[in-house]
Amino acid sequence: MALPLTPIWFVALPLLVAFSSPLWARLRLLMPLLLGVPLTLLVLAIALHPLVRTAPLVETIVIAPPLGIHLQLDSASLLLIALIGLASALVAAFLWLGDTEAHLRGRRAFVLMLLLIAGCNGLVLTGDLFNLYVFLEIAGVSAYALSALRQDAPALEAGLKYLIIGSVAAVFFLFAVVLIYLQTGSLSLGAVASSFGEIPGPMQILIGLLMLVGLGIKAELFPFNFWVPDIYQGSHPAVASLFSGILVKAFLFVLFHLVFVLLADPEVIRTWLMGLGAATMLVAETVALRQQDLRRMLAYSSLGQVGLVTLALGFGSEATLAGGLFHLVNHTLVKLLLFLLAALMLRHLLSVRLADLAGLGRVMPLAAGLFVLGALAVLGLPPLSGFVSKLWILKGFAEAQVLWPIALILLAALIEAAYYFRWIKTLYEPRAQMQEGRPLGHWVYAPVVLLAGLLILLGVAPFLVQDLFIEGAQSLLARDVNLEAMLGARP
Amino acid sequence: MYHKSQCEGFQCEPGLLDEGVDPEDRQLGPVERLVAWLRQKSLFVLAYGTGCGAIEMRPLMTSRFDAERFGIINAPTPRQADVLVISGYLALKTLKRVIRSYEQMQEPKYVIALGSCTINGGMYWDSYNTVKQVDRYLPVDIYVNGCMPRPEALIEGFVALQERIARGEKAGFHRYREKIDWYKANQRRVLGEMMPPDYTYDWYHAGGIA
Amino acid sequence: MIKLLFFTVSLTPAATLLGWGEGLAWPLFEGVRLTLDLTPLSAFFLLLLAMAAPLVALPMLRGTADSPAFVLFGLLLLGMQLLLLAGDFISLFIGWEIMTWSSYLLLLRSARTDLETAQSYILFNLLSAFLLLAAILVFYRFTGHFEIRTAAGLTDWQEILLALLFGLAFLTKVGTLPLHLWVPRSYDQAPDAFSAFLSALVSKMGVYGLVLLPTLFPDALAGLLGRLLDGPAAGYLLAWIGVVTSIVATFKAISQEDMKRLLAYSSIAQLGYITTAIGVGSSLALGGALYQALVHTLVKLLLFISIAGIVLRTGQRRFNDLGRLMERMPISFFGVLIGIIGLAGMPPLPGFAAKYLIFVSLLDARWLLLLAAMVLASTAAFVYCYKLIYAPFLGHANSASAKTATEAPWQYLVPQLVLMGLLVGLGLFPGLGVRLLIDPVLIALQMDPLGSPSWGELVTPYGGYDGVVLMVVFGTAFVLVTGLFFLLRGRMRRAGSPYDLSYAGEVPTAETPLHYGAGMGRELRRIPLVGWILRHSTQGFYAALVRQTRTAAELLSGFYSGNPQAWVLLAVLVFALALQASIGGI
Amino acid sequence: MHAVLDSLAMIGISYVMGFLFYGFYRQFNARVQRRWGPSIWQNLFDNLKFFFKSETLSHGPMFFFGPMIIMAGAFTTVLFVPFLKDSDWLQGFSASGNLILIIYLLVVGPLGNALAVGSSGNPYGVMGVTRGLTRLMGLEVPFFLGLGLVMLQHETTSVHAIMAAQHDVAHWGILTNPIAFAVILLPFIATQNGSPFDVVGAPVEVYAGPRVEFGGRLLGVLMTQNMMMSIAKLVLVVDLFLGGAGNFLILILKAFALFLLTAAISMVFPRLKTEQAVDFFWKVPLGLGVLGVIAAVWLPWST
Amino acid sequence: MLEFLDSPRVLHGIYVLGSLTLFVIGLYGLLAKRHLLKILISIAVMELSVYLLFVGLATSPGETAPILSDGLRAFAGMADPVPQALTLTAIVIGMAVLALGASLTIQYHRLTGNADVTAMTELKDS
């Protein structure tokens, strides 16, 4: 029996593999599978690309009429799926090749990571609000557990904090879902979207705000993102790289997917979203100036970039959307690179505080060099990919004749430069005495070098992949087409 | 209390002063004559004011005495000066500097000793810390006597010097070059540890050319 | 082997210049296409680059191979070539940024760079870069394309806005007055050979941009207030900015106690002249600006490399610790000598030709007050030029290492000799420089060429001079005088010791403070204007800015308290407020 | 041949003129102070005496070359200033030069000598050089501004053209552009190292100054170039403001008149400290120059 | 006497009031209590209030449970089944989260000897 190429595999495969983990543990196949599953998903996504180009792929798994799980795969979500596959494959490769700590290579980590992948894929794919809640919780629970994985005080603290704030977010989101259902009597995105306009105004606002708070907490927007640095600092950097690389991206995508589908005219909340994005960006970059811990600094930087993406996506013109999506991808790659490097430094030196990293350039030249590369990419300096995406976003704003976001983005980039270059300077501090740490193998660097290569490649030849983002932007904007596809798939 | 334990100056070496004067008049060629004439027309003075004599030097340049009409003008540094006027008693400290200044002047150079204290100790004849007789340490060309001599006397001294220059006589600086060992021995005797370093005078030992 | 490779890499700008065919293009992404093209203007600056790169590379070859530095230098060259060849703004910006960060990383290769220097370097340069990007985007918003060509159909105000943004970006790079904080410290602390490149070439990219501006917006300078006297009114402002920069930087340079810092300030001052000339904007002025750029490149390379040699041999860089190196490092001495003659703009070296053109252009525009101010800067420059040659080479050796130093190694001497030759040659033939280098650029900028009847002559509508005659007269006079004097020298005696000085009857010793190095120019403070300038600095402003930012960061980080209950409380409060605001407000 | 003879003549004339003028200055000064004063030839005697000093101390090659450079600079300066108007003689190489070049040539020599001062190792000498450069910084601004006004008036930097434009008395620069003359007058005295701006090489009081280590024949060279340079400057100002000179006699007359004016001013003012001098130049002559610029350029009737 | 309670509006009003009260109580607990378990319980209470609201508002008086049995073949007169199903799912998920939270709390308490949320200061800005 030929397995049909359907979107359901993106959720089902990791779940299946995760739940049969005892078998794999017995067969000692955990690590190969942890690498293999995302890679399979990535290949699957690439294989589906030609299909999706023409029209969104909508699939409904009927459990019992009228209940069913709607999965909707359009160009934008395909992009996210592929990104999640790629990112988690790279992290898996890092864990495998890098001979990392035992708790990251055990069964629990295996299960939780696959769950996280499944949850994120589900978030991106689902066309149903309640399923969204379910996937949100799946991703959430696995994330809580992942951050507490090391089971020492900081990790447990991070896990607990994450759990508390995540549950609150889930409650808010659930509240919104409940209200939507009570107002419209349906949960399918398509149906809700077509009747969302008929809900009385104040109720719309209430729902919108509840959603915004719920998703805002998860997607790390400004007044709701205070938990982020703690969690990233407490978790293992590799895990944090997953959070920053895929989890946040999935939630961001969900937020904007909802915005563009539910609202007939997204412009009503454009100012809100752009304001939130700008505030996130500026506040995070400013606070990052005084950080002394690499993981925490990267967390703030991640927040700043999320703000930038929000600003770009919130504006909602095609160019900013495409640029925003590209930047999303770039940021994932860069933050993977930086967090994985942080993991290496942590293993080598047992600390990633600023003072302890002084003079690292002599002890770990490759790591330091790659850190510089990553920092340059975050800052959007050519010829690295961050430059292209940032330029794309800025060009979008310029085309739309809106200049204030350009000023804010450049200002934020300047502040960002202030702290990134402080770190770089410290890495190459000539006078520092640095003790030799634990030696690392050469293969450890393979995924990181691959990431760096990707950054350079995307920076030099972005035209190779530009169609992906343009199509993704178009499909996000094409509300009618999406609605039609979703409604048409209704049983 | 001053103890006359050794002879000084003329008492020891009575022939010294006469020895400096060239007995036979040297015949000057026309160029030498011109040069000598030019030299006597322009005297740049380094006035070394060590004592009360210095006060008599100032009026020399004023409107009343107007030494400039003889081509006499003050020079700022020893390098540019032709005439060193030592105007007053010399203590050990000042002697050292006078010698140094003299040796830094460019030849031809002349020394005028102004006042009794400079020439023979004068009223400080029994002081324990002054140098009594400057011509034991530096070759003096003109002695202007008095305590203190008036500016007119000094001008007379200058004029006498000019005449000697114009005649092309051997001057003090020749003597200093020729009898450098004697001068240095005298200087060393009083200065002892305070002698200036060798490089300030060792070229004299090589005949004045280094 | 690596060294050989590196040296080959340093020749690439020359290869690019010689082997450039037609334009290249590279599609970046949707709607953005990079085009590369060689215009006469970029060829002029590329020539400077081609000349300087191997000369700077040579001293870098000494000692153990520093491969990261080599790679970064290669990247820097790549970025600068890209910048110069750019046919559109995006390529320009890419080149600009590559130049910025690779030079920053090169700066970090020095053991002396401290955090503040590094931060100020990168932040000011990124500020410049981001201003440039903002300008490019505004340009795009107004015109709809990225190409570097005369922008048509803009209103006056749009042009002025653009010129302001671009101008600020480029002025930051050349270190114009309130934005110069990064220059002295980074030139001072950079690796010694690389300082030469920073000062001579990297800053010239700002000049390139500034020269580009009038071609982009021919009316921007005259647009605001029309013409003032015989020059553009907005340019008058720019010219004053340049001159004030020169004056302040010159006085600051005089008060420096460190060779490289002095050179850094002098670099700011020299680039101020160029800014002024660009403000005038006539063909004479632009010719002068280009000539000054050329001369300044040569001179600063020469001076920085010579001084790098001194630092290499003595390990000292403060004026107080050096002295009397003339006998120990004669070639370096002549290097610095030629360098300061060029720097001071004295005839017969080409610095005079550049200054002459700029002066005449100011005269032509009837901006006499600017002329006077510029004369002030360029005369005051004599003081620091003299300090630069006196303190290391003349006077008395003031440290043990200065007493035992030997001549710099050949890697340092070869570039010096080449540059000396170039400077003297150019001084001899100022017309040749005009004919070969300046006029093609002016023609390409659609301006009247300066022209020159012969190699030796520099000609302007206001009269000119002949470099060959000048050099020959001076040389003949010198030979004659020296020969005659030598014949009639009489009895000459060499002083027996460096301490054989007429020193008020004293005998100075090694302990006597005889070297007047760092103190030179200190008494200038007693002049009211100079004292005022030297007492003030922009440092306090930037320090306050940093302090404010830190405070803001501290305040904002209060949000990130680490207490989950506070997070929830804030989220709920925001929710309630937003709800109140949007529903209650309706 | 013509060029060689011409050059020699110019050098000789400036030498003799210089010493005679300054001899006169000394006597004039003495008479003002109610004394006899030296003879008019006194400066020449001094100079020749130094040339015939039998001993000269040197501090090394650079110390030796400094006076040579300054002498060569003085020769070059003299040769680039046209002495006569509408004549083949006493032109030197002035056709290949211009006003700005001459102003810069005036400082080439002193800077060369500054090297010699530095290499002597005497801090007092270097102090003197610094003072000289400081004074230069002060005086050059109004001096150049005044000359700028002249250059602007005639729209050329060529001394020949400026001279040619002053074809009769009514067109003399001093009448057509009196402000410019007033502006340059005091700075001009300072360039001549005249009182009250002569603290740099002041003869008696200060054990300092660029010449502190020079003696013997090298000092003679320095004195010579000083005299020649003074004449070059005098002639230059005559060319610019007094309409140049048609023949040698008029040249001497005009130069002497100008010299008398500057000497009279020098004589009656007490010496200023360096920084006082600079401050003075930046206030009074420069202020006057700014007024001149406003009158010449900014006001509506000025074209 | 209590017929007015049968009117859907009143009944729904009571549900709304009740669940909002619960929500606020939960929120209060979340914000004011310092023991981790109490906080977890408060979150559970908040979730519960949302479930109650959902189920309560989705049902009108007189409707029966939507169970297709006993010969009932249609949904007539039954409450909307979807909210009930969803609520069940949500309860399960909430349960899982709560369990995870409780286990983490226990581990944390074992490791550090405290369960006070304000004492969790290992991670903060430096």
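The paragraphs below take up these features in turn.

The model is predicted, so local features are given only at pLDDT of at least 70 and side-chain atom pairs only at pLDDT 80 or more, whereas totals for chains, interfaces and linings use all residues. Residues are numbered from 1 along each chain as its sequence is written, and chains are lettered from A, with ligands numbered from 1, in the order in which they are written.

In chain A, the axes of helix H8 (residues 153-184) and helix H10 (residues 201-218) come within 8 Å and cross at roughly 150°, the axes being lines fitted to C-alpha atoms over the stretch in contact, with angles from 0 to 180 degrees between N-to-C directions; helices are DSSP runs (H or I, at least four residues) numbered from the N terminus. H8(A) is therefore roughly antiparallel to H10(A), a term for angles over 145 degrees. Residues that meet here, with C-beta atoms placed from the backbone and lying within 7 Å, include A:Phe172 in H8(A) and A:Leu210 in H10(A).

The table sets out two contacts by class, where Ala, Val, Leu, Ile, Met, Phe, Trp, Tyr, Cys and Pro count as nonpolar, Asp, Glu, Lys and Arg as charged, and the others, Gly among them, as polar.

| Contact | Nonpolar | Polar | Charged |
|---|---|---|---|
| H8(A) with H10(A) | 18 residues | two residues | one residue |
| Side of chain C that touches chain E | five residues | four residues | no residues |

Nine residues of chain C are in contact with nine residues of chain E, and helix H23 (residues 564-584) of chain C gives the most to the chain C side, with five residues.

B:Arg164 lies in helix H6 (residues 151-167) of chain B and touches B:Asp141 and B:Glu169, leaving aside residues up to four places away in sequence.

Methods
Helix = DSSP H or I, 4+ residues; strand = E, 2+ residues; numbered from the N terminus. Contact = placed C-beta atoms within 7 Å. Parallel < 35°, antiparallel > 145°, perpendicular 65-115°, else oblique.
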